[in-house]
Amino acid sequence: MSISAKELAEKLNVSAATVSMVLNNKPGISNDTRERVMSAANEYGFDFSKLGAKTGTAGSIQLVIYKKHGLVVADTPFFAQVIESIEQECRHEDMSLQITYFYSTGDPDEQMEVIKRSNCDGILLLGTEMQLEDLEHFVSLNSQLVVLDTYFDELDLDFVTINNIRGMVMAADYLFSKGFSEIGYLRSSYDIVNFCERAEGYCKSLKKHGAEYKTELIHRLTPSAEGAYKDMKKLLETGCPVASAYVADNDLIAAGAIKAFKEHGLNIPEDVSVIGFDNMPVCDLLEPPLTTVDVPKKAFGSLGFKQLTNKIQRNSNCYLRTMLSPAMRIRKSVIKKPMTKNI
């Protein structure tokens, strides 16, 4: 027998409103509380199919958010906008949306049972933190499936992804166009598919411009603002070399590194120019505002929804990879490098 939301609240000693907000993926709840409620809901067999039962007459889909370490897939504006666009598409098409979290640390069989009991017409799987072996539990689902924000060419599945290689090439090329000949890389210490593709783009741009790949200018940082700040601060304290320009795997890494650079006495962009990736709201809050690679987040969720509903309607066995191209957003964190005067 499944547990009710009220009973779940009593077990966790939290309010019923808190449990309801978490189960319905509403904002305003801390990450710790959200994960605690979702873990308990899976453990005690909460029936997630009840969440969307009262809405939608044209069918239902399930958004499964896969969390491995939670350092990338967190309650950030990036993923909030992706989810919001999916919710808007569902309302427009009069479809119900169920949101389920799948934790790599939980019992996979129990969590898959929860997904199967939802009885949805199709599944959108947010696979940002997934590796190839993590998809094992999903490929055998007897349901139409579209995977968002990752890609594995070993699998016959539908994917919606960002052109990460192109985005990082654009970022590095922009720095070269500003006169920089050595470009560093603020690289995530967690290797998800997106970041590996961005690393490929970084190398591709260096090769195109005949620049040397220097490992001492590649700084491995935690992919969060606080984590990147602490990691970069430690590196600077040990006397690591600092490039005059950097590209970063995401905006949060860039923001954390910029804070460490400033505390170390370096000015942005006069001493160090920095480009982020994702175009999150933090870019406008930084001083100076951060130049970044803009990912079309709302289009990302919307295309995933449309690809899934088209697959459901056609009952198609054809597999597509839809790739969105990013664009540069120029702000104030990059300066044109002054020409060296010959004496």
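Reply: Let's start with helix α9, residues 225–237: its 13 residues should span 18 Å at 1.5 Å a residue, and its end C-alpha atoms are 18 Å apart, which agrees. The expected span is 1.5 Å times one less than the number of residues. Helices here are DSSP runs of H or I with at least four residues, strands are runs of E with at least two, and both are numbered from the N terminus.

A quick note on the source: this is a predicted model, where local features need pLDDT of at least 70, side-chain atom pairs count only at pLDDT 80 or more, and totals for chains, interfaces and linings use all residues. Residues are numbered from 1 along each chain as its sequence is written, and side-chain values use heavy atoms, with hydrogens and water left out.

Back to α9: Gly227, Ala228, Tyr229, Met232 and Leu236 are its buried residues (under 20% relative accessible area, with a 1.4 Å probe and protein chains only). Their cover includes β6 (184–188), β7 (218–221) and α10 (251–263), where contact means heavy atoms within 4.5 Å. After α9 comes Gly239, with a positive phi near 85°.

Now for the strand. All five of the five residues of β5 (158–162) are buried, so β5 is largely enclosed by the rest of the structure. Asp158, Val160 and Ile162 cover one side, with Phe159 and Thr161 on the other. Strand β4 (144–148) runs parallel to β5, joined by three bridges, and β11 (321–324) also runs parallel to β5, with four bridges; strands pair if DSSP finds at least two bridges between them. Val160 stands opposite Leu148, and its bridge partner in β11 is Thr322.

Notes
Buried means under 20% relative accessible area, exposed over 50%, partly exposed in between (1.4 Å probe, protein chains only).
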